[in-house]
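Dear colleague,

Please find the structure below, together with its sequence.

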Amino acid sequence: MLAGKKILVGITGSIAAYKSVYLVRLLIKAGAEVKVIMTPSAKDFVSPLTLSTLSRNPVIIDLFDEQSWANHVMLGRWADIMVIAPLSCNTLAKMANGLCDNLLLATYLSATCPVVVAPAMDEDMWHHPSTKANLVILESFGNHIIPVEKGDLASGLNGEGRMAEPEGIIEYITTNFFLTRPLDGKKALVTAGPTYEPIDPVRFIGNHSSGKMGIAIAKELYHRGAAVTLVMGPSQYEFSAEGIAVVRVKTADQMYKSCHDNYPESDLTVMAAAVADYTPVETADQKIKKKSDSLTITLSKTKDILKSLGEKKNSKQVLVGFALETNDEKKNALEKLAKKNADMIILNSMMDAGAGFGYDTNKITIFDKSGQEFSFDTKSKTDVAKDIVDTIIRLYYA
Ligand code: CTP
């Protein structure tokens, strides 16, 4: 989505400038064309040499030197977007008041592209009325402000004022400026997390699924225009997001019911949950006491939600499942694709480094029912979700 986009990164004098090095690196990795402008004081925090090497372009700092004049008007017109990160309190005040004593400010004033800022400052400065007033002025100019985060600050204090993380800045600009919304008007149903099958009031059978993969898919589908319902098992993560209706369930049976309630309306369903395959036949009303040397719990099979949805699927619905395998990965994934009447199966192999439960990364291969196979490298779960949704859109909604 960022491939070929022209991005002007403005860096001001702030400790958070070290994160901009990584921001530039990520933008280049995503295929963007990047030019960096620094304020003179930003040079005290990060080196222009590092940034010019990473951006593959000379870093521009001065309005003019003895030989030449930097064409700030053309820079502002060249860019598809200008991202000022970090935005210091000082530059914020100057932008709000139209001051123009360096190249970054001159470019900002002549930019015809959208301008996004990621402020960074200490908590007290962040809460000062002049900062708030200046941010309101920037918003009134149509500039976009990426909220600061809470955490450790350069002062040694902990509070609000940290610049958003580079990944968050990329997500913000991608989502707000460069995404097409091919799923506008579509309804999506996503499952995430484990299920817990109760043994007694204090014990359950569960698994290590964190729900992160399903959450990332739900977010990505929403960003592409879908109205999303996320049915989520008892993950340790609290999750709520604008535009995503979250239904919390505990057991496989509750997940089954919620999925069937939502399925008739759903155009696209992605089953990322790690549903328990077996559940205790009986749940004790009271805590089971430690009496005998061994304990046998009889389990019965849970309903296969994906398979039951596959049996109901109509010709307009798209159904996507996962296959978590440790051996004979491709064969098992293809069997699940057929047995569950899915349109697509996403294989994660527990044998791949960085894939499976608990990791922030995943490695997938997608199989579709027409026999196509798409393999991807190990990536963050956010990027894996993009690959999955891109593939779904390409095959079914392009
Ligand atoms: N699934 C489901 N209901 C179940 C079990 C699994 O909907 N009771 C879904 C999962 O959400 C996933 C797909 O089926 O999309 C495959 O899950 P997986 O655990 O890999 O396979 P199983 O069908 O459970 O088979 P096995 O455990 O024998 O590999």
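Helices (H or I, at least four residues) and strands (E, at least two) are DSSP runs, numbered from the N terminus. This is a predicted model, in which local features need pLDDT of at least 70 and side-chain atom pairs count only at pLDDT 80 or more, while totals for chains, interfaces and linings use all residues. Residues are numbered from 1 along each chain as its sequence is written, and side-chain values use heavy atoms, with hydrogens and water left out.

Two backbone features deserve mention. Strand E3 (residues 81-87) contains Pro 86, and the peptide bond from Ala 85 to Pro 86 is cis, with omega near 0 degrees. Asp 328 is not a glycine, yet has a positive phi of about 45 degrees; Asp 328 sits in the loop between E16 and helix H12 (329-339). For context, most residues other than glycine have a negative phi, and most peptide bonds are trans.

The domain assignment of the protein chain, which is automatic or taken from a database, gives domain 1 (6-178) and domain 2 (187-397). Their C-alpha centres lie 39 Å apart.

Next, a helix pair. Helix H4 (residues 89-97) packs against helix H7 (residues 129-140) at an angle of about 50 degrees, with their axes 9 Å apart. Axes are lines fitted to C-alpha atoms, for helices over the stretch in contact, and angles run from 0 to 180 degrees between N-to-C directions. H4 is therefore oblique to H7 (under 35 degrees counts as roughly parallel, over 145 as roughly antiparallel, 65 to 115 as roughly perpendicular and the rest as oblique). Among the residues of H4 that meet H7 (contact means heavy atoms within 4.5 Å) are Cys 89, Leu 92 and Met 95, and the H7 side includes Asn 134 and Leu 138.

Finally, the sheet. Eight strands form an open sheet with mixed pairing, in the order E12-E11-E8-E13-E16-E17-E19-E20; two strands pair if DSSP finds at least two bridges between them. The edge strands, E12 (244-248) and E20 (373-375), each pair on one side only. Strand E8 (residues 187-192) and strand E11 (residues 227-232) pair in the parallel sense over six bridges, with Ala 227 in E11 as the bridge partner of Lys 187.

Helix H11 (residues 305-312) lies across E13, E16 and E17, at about 155 degrees to E16. Helix H13 (residues 381-397) lies across E13, E16, E17, E19 and E20, at about 15 degrees to E19.

Yours sincerely
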